[in-house]
Amino acid sequence: MNVLAYLIPISLILGGLGLAGFLYTLRSRQYEDPEGDSRRILSDEWDDKPKSD
Amino acid sequence: MTATATNGPASCPGCLSAPAARAEVPLPDAQLALSLPTIHCQACISKVENSLTAHAGVRAARVNLTRKRVMIDAAPGVTAQELADLVMAAGFEAHELDLGALSQTQTDAASRDILMRLAVAGFAAMNVMLLSVAVWSGATDATRDMFHWISAAITLPALAFSAQPFFRNAWAALRAGRLNMDVPITLAIVLAVVTSLWETGLSGKHAYFDAALTLVFFLLAGRWLDSRARSAARSAAEELTALEVPRAFRIQNGETSEIAVSALRLGDHVLVRPGARAPVDGVVIDGTSEVDRSALTGEAMPVMRTVGDPMSTGEVNLTGPLTLEATAVGTDTSLHQLAALVAVAESGRSRYTSLADRAAKLYAPGVHILSALAFLGWLLWSGDMRVSLNIAAAVLIITCPCALGLAVPAVTTAASGRLFRKGLLIKNATALERLAEVDTVVFDKTGTVTLGMPRATNWHDLTQDQQSLAYALARGSSHPLAQAIVTAAQDDDTAEIALSNLTEQPGFGTQAHYADRPVRLGRPEWIGALVETDGLCTALDTGEGAPIILRFEDRPRPGAADLMAALKRQGMRVILLSGDRQAPVAQTAAHLGMPDFAAEMLPADKVAFVQRLTDEGQRVLMIGDGLNDTGALAAAHVSISPAQALDAARAASDIVLLGQDLMPVADAVATARLATKRIRENFQIATVYNIVAVPLAVAGLATPLIAALAMSTSSLTVSVNALRIRGRG
């Protein structure tokens, strides 16, 4: 049962990382233009981050 | 996008609505927005962005394809118009947007707030569920207690954050002495957490931490769908408003300056150029012109206006420049007074309760009574406080309206998404439900079933020479009838001829010399021609022989005749109402196959007409575009206006039609009926699930596993059922 002492914190930390990642994308407004983003991926022009508009 | 509101000139709406003031004070950077209605692909994005950044004054340009607009950071001197021209040159339609009107829509902070709470609830639910699986599959004693304590440690802070909207709404309702959907939700969450903590403390078997979290997760998903559907509609509706940049030309001490309409004062002299709308109510003090009043009265024929005549806000000046002395500005104008009337009429409509509200009204007390009865029954039978409280909590959790909370938003989001792709914008939350009940459709004529753009009917009766002459004369004017002649001539490739001394006599017509004889095109009275009918017509004086009369009729919108046929097939009664004169109305009605019509209706007559139909028990859908329709639009059960309609008409209607084609209206009615059917089905699914689950809970058999299973199943079923709307059509 000792394995639980590692696994539970690890699963919580990994989940928490995912949550933090999602909150980061939300705060940096990456869901403002879902249609445009899905098409910009096809562009040859390099486009590193969304403009804060 | 809140950045717009915090940095740059957009932080001050006054600067935006007063472009004249902006030009005087040098600002570091200008934020501009253009609407791009035709943009649709990756290549479009690159083309627009590249054509804009090629301009020396543009620092950055970013297209938002979802909202079909581009935001531009530009140097202070750059005007939106020159950038719009650049984009037009690249092959895309572009219109300037008023950022002042737009900035309110950009802060959809509420939607992001819900999404954040949804993420936290989802994260916590997943982790607690993992721990719960261990308990369900047989963890006992100390291990089970430890898992329960860890679950509690995750659940409490997660719920404290993510369930706040429910707590707040429930508290507000209770303080006002009402019950709403959030009261049983809050009670279930609180009771579930409290009994679970108590059980965990006594090392009991069952804890409902996971159930409380999944409940919050599913309900937040419903709220998020709801807010997303509404914010899409709201932002598009306000974009329509932002397209009309409110500016006026004021004449002071002989100088003309461009100022914001809100800065106009009583007694100001205002210049109304040909093609512009009057920004104020006023009296003409200089100039003669023809005025298009169709938006206000429904008359298709322009009216002569000269010194001393009144002109109202919203009327369009057609041929010559007019100077008005303002007699009413701002909120005193006829347009605003109409809008105020509409607000009164609308308050009646807001009394409509949606299906969800009606269900909640039955549901909330029912659940509480059931849970209290279960508690009392078990307390009397077993005398065990702990068992009774556990069962009461299980009843509350298992009946909690996951499915009910998801049923309506999931269906309306799917339905309004489908209609949006067809060019219809749902502005009001209950519009779909009301649309499904409609059995009578009332149309306005000018600008609604017709395009408001006349077409020459007897053009081909003219000889080649006469056509060329009419074409050459018509090119000198921007009058709609002259433009109709130009269009007809260009369609026929009519030969061009040269005229000398071409001048426009505002309000009358154009005159010129051709082969040393005077030729004229304009009002029949001016030319001296006799007209026996009262249809739209103009006269051509070729300088030899009798004048020739050219007749016109308004063209029906594309899809109008098909729409009438489709509506009749759906069993609807269709009626045409117009402020125009008898003859053209009868002609249009006959053309579209509408037996019921009424002409020369004043705005009040239209309202009375709609009211009478409503009193007779009919559910009326009103479709109109003018100021004269706003009252009727607000009085009807549900209303639609085209995007080209005046602001007041759009504001009064529940649904906005974005394209030229009228046919989507038939789809809207069909989709609305389908959506209402799905909502009812979803309620039935939720009811069936409760009929199965509630006896289990009351009998004390609802373990946390059963609660979690039952709750997820019913939520997923209603979501999948809602998505079926998307697939069809």
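Student: Which residue of chain A forms a salt bridge with B:R62?

Tutor: This is a predicted model, in which local features need pLDDT of at least 70, side-chain atom pairs count only at pLDDT 80 or more, and totals for chains, interfaces and linings use all residues. Residues are numbered from 1 along each chain as its sequence is written, chains are lettered from A and ligands numbered from 1 in the order in which they are written, and side-chain values use heavy atoms, with hydrogens and water left out. A salt bridge here is a side-chain nitrogen of Lys or Arg within 4 Å of a carboxyl oxygen of Asp or Glu. The closest N and O atoms are 3.6 Å apart, and the partner of B:R62 is A:D37.

Student: Why does this pair join two chains?

Tutor: Helices (H or I, at least four residues) and strands (E, at least two) are DSSP runs, numbered from the N terminus. B:R62 belongs to strand β2 (residues 58–64) of chain B, whereas A:D37 belongs to helix α2 of chain A, so the pair joins two chains.

Student: How many salt bridges does the rule find across the interface of chain A and chain B?

Tutor: The structure holds 16 salt bridges over all chains. Another pair that links the chains is A:R40 with B:E49, whose closest N and O atoms are 2.9 Å apart. Across the interface of chain A and chain B, the rule finds two.

Student: Which element gives the most to the side of chain A that touches chain B?

Tutor: On that side of chain A, α1 (3–27) and α2 (34–40) each supply at least two residues. With 11 residues, the element that gives the most is α1(A).

Student: How many residues of chain B are in contact with chain A?

Tutor: Contact means heavy atoms within 4.5 Å. By that rule, 29 residues of chain A meet residues of chain B, and the number on the chain B side is 34.

Student: What area do chain A and chain B bury between them?

Tutor: Buried area is the accessible area (1.4 Å probe) that two parts lose on being put together, summed over both. Of the area buried here, 59% is on carbon and sulfur atoms, and the total is about 2800 Å².
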